[in-house]
Amino acid sequence: MFDYHNHTAFSHDSEAPMTAVIEAAVRRGLKSIAITDHYDPDYPNLLKDTTIDLDAYFLELTNAAEAYKDVIHIVKGIELGLQDQVTALLQRAVESYHFDFVLGSFHVADGMELYGETFYAGYPAEAVYQKFYENCYRVILKYDQFDVMGHVNIIDRYATAIPAFHTYRELVEGIFKRLIEMGKGIELNTSSIRYGMGEHYTPTIEMLKLFRAMGGEIVTIGSDSHRAAEVGSDIDFAVELLKTLGYKYRTLYQDRKPVFVSL
Ligand SMILES: [Zn+2]
Ligand SMILES: [Zn+2]
């Protein structure tokens, strides 16, 4: 089992020491774990320190990978918070450290936090989704230094209402087309199950089917754990889900290059 999305105390929203996260992964028999702490510069909520000491983080990752190399494979990752005005900072981070795996995620759109109410207030659900996915498309046209887009439909977690897929499907198609052309993938993020979103997964079944139908091959699976107890959660379920949707592989990364493993 592999879990490609985990946070440690280097992230503003986790207190889990890196060793506790790794030990939990070892106890659960995981073969490989990607640590992907947040680097979200210019975050609009000043009460959250979403930056990271990249030197300290990369050093601890490197030391942990070495210390545990006979027990578990540690993938040196990062979760970049994508926004228009920070692409130069993100680029510098990715070029300065030898990461194995880079998630590109949206936690902010049009300069507003997706968490909370500001982004949604005063707009009908369809218009909110339109501006969210247009924001994502615009940023990934400009910035391509990531491997996989994290939790594509994170907006479903926070929106006050989720419109029917057909009302924003074309925008998602545009994003998938761009990702596929760039040789990038999407993530099946199992945290929706912990958030009580039932069968509304991140991405949804409709999105996973669309990506597959468009020729999308690269899908990573991650728990998005923020506590050691969450490491590896629902990964087995996600593997089965991908199989039922006709996917043949899950994707791992080494040196920023995809490695395909049969499901
Ligand atoms: Zn995220
Ligand atoms: Zn995350």
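This is a predicted model: local features need pLDDT of at least 70, side-chain atom pairs count only at pLDDT 80 or more; totals for chains, interfaces and linings use all residues.

User: Which residues hold the zinc ion (ligand 2)?

Analyst: The zinc ion (ligand 2) is coordinated by His5 and His7, each through NE2, plus Glu79 through OE and Asp224 through OD. The distances run from 2.0 to 2.3 Å. Along the chain, those donors follow the spacing H-x1-H-x71-E-x144-D.

User: What do the angles among its four donor atoms look like?

Analyst: They span 79 to 168°, and the site of the zinc ion (ligand 2) is irregular. A tetrahedral label would need all angles between 85 and 135 degrees.

User: And what coordinates the zinc ion (ligand 1)?

Analyst: Glu79 through OE, and His107 and His151 through NE2, at 2.1 to 2.2 Å. The spacing of these donor residues in sequence is E-x27-H-x43-H. His107 is in the loop between strand S4 (101-105) and strand S5 (108-109), while His151 is in the loop between strand S7 (148-149) and helix H5 (155-158), so this pair ties together parts that are 44 residues apart in sequence.

User: Which residue bridges the two zincs, and how far apart do they lie?

Analyst: That's Glu79, and the zinc ion (ligand 1) and the zinc ion (ligand 2) lie 3.3 Å apart. Glu79 is in strand S3 (residues 73-81), and His7 is in the loop between strand S1 (2-6) and helix H1 (18-27), so to speak a link between distant parts of the chain, 72 residues apart.

User: Switching to aromatics. How many aromatic pairs turn up?

Analyst: A search of the whole structure finds 17. One of them is Phe119 with Tyr120, edge-to-face, at 5.5 Å centre to centre and 85° between the planes. Phe176 and Phe211 also pair edge-to-face, at 5.1 Å and 75°. Phe176 lies in helix H6 (residues 169-181) and Phe211 in helix H8 (residues 205-213), so that pair ties together parts 35 residues apart in sequence.

User: Which rings make up a cluster?

Analyst: Ring pairs link Phe10, Tyr57, Phe58, Tyr97 and Phe99 into one.

User: Where do charges sit over rings?

Analyst: The charged end of Lys131 sits over the ring of Tyr123, 4.2 Å from its centre. Arg212 lies over the face of Tyr247, at 5.5 Å from the ring centre.

User: What about the largest nonpolar core?

Analyst: That core has 74 residues, and Phe132, Tyr133 and Phe176 have the most contacts inside it. Helix H4 (residues 125-142) supplies the largest share, seven residues. Another core, of 10 residues, lies apart from it, and includes Phe2, Tyr4, Phe101 and Leu103.

User: And what does Phe176 touch?

Analyst: Val152, Ile186, Met207, Leu210, Phe211 and Met214, not counting residues up to four places away in sequence. Phe176 and Phe211 are both buried.

User: Last topic, the backbone. Where is the cis peptide bond?

Analyst: A cis peptide bond joins Thr202 and Pro203, with omega about -5°. Pro203 lies in the loop between helix H7 (191-194) and H8.

User: Which residues have a positive phi without being glycine?

Analyst: Asp234 has a phi of about 60°, and Arg256 has one of about 70°. Asp234 is in the loop between strand S9 (219-222) and helix H9 (235-244), and Arg256 is in the loop between strand S10 (249-254) and strand S11 (257-262).

User: Buried or partly exposed, those two?

Analyst: Asp234 counts as partly exposed at 30% relative accessibility, and Arg256 counts as partly exposed at 23%.

Notes. Residues are numbered from 1 along each chain as its sequence is written. Chains are lettered from A and ligands numbered from 1 in the order in which they are written. Side-chain values use heavy atoms; hydrogens and water are left out. Donors are N, O and S atoms within 2.8 Å of the metal (3.2 Å for Na, K and Ca); water is not among the atoms, so sites may look incomplete. Four donors count as tetrahedral if all angles lie between 85 and 135 degrees; four count as square planar and six as octahedral if opposite donors are over 155 degrees apart and all others between 65 and 115; anything else is irregular. Helices (H or I, at least four residues) and strands (E, at least two) are DSSP runs, numbered from the N terminus. Rings of Phe, Tyr and Trp (its six-membered ring) pair if their centres lie within 6.5 Å; planes under 30 degrees apart count as stacked, over 60 as edge-to-face and the rest as tilted. Buried means under 20% relative accessible area, exposed over 50%, partly exposed in between (1.4 Å probe, protein chains only). A charge sits over a ring if NZ of Lys or CZ of Arg is within 6 Å of the ring centre and within 35 degrees of the ring normal. A nonpolar core is a set of buried Ala, Val, Leu, Ile, Met, Phe, Trp, Tyr and Cys residues joined through side-chain atoms within 4.5 Å. Contact means heavy atoms within 4.5 Å.
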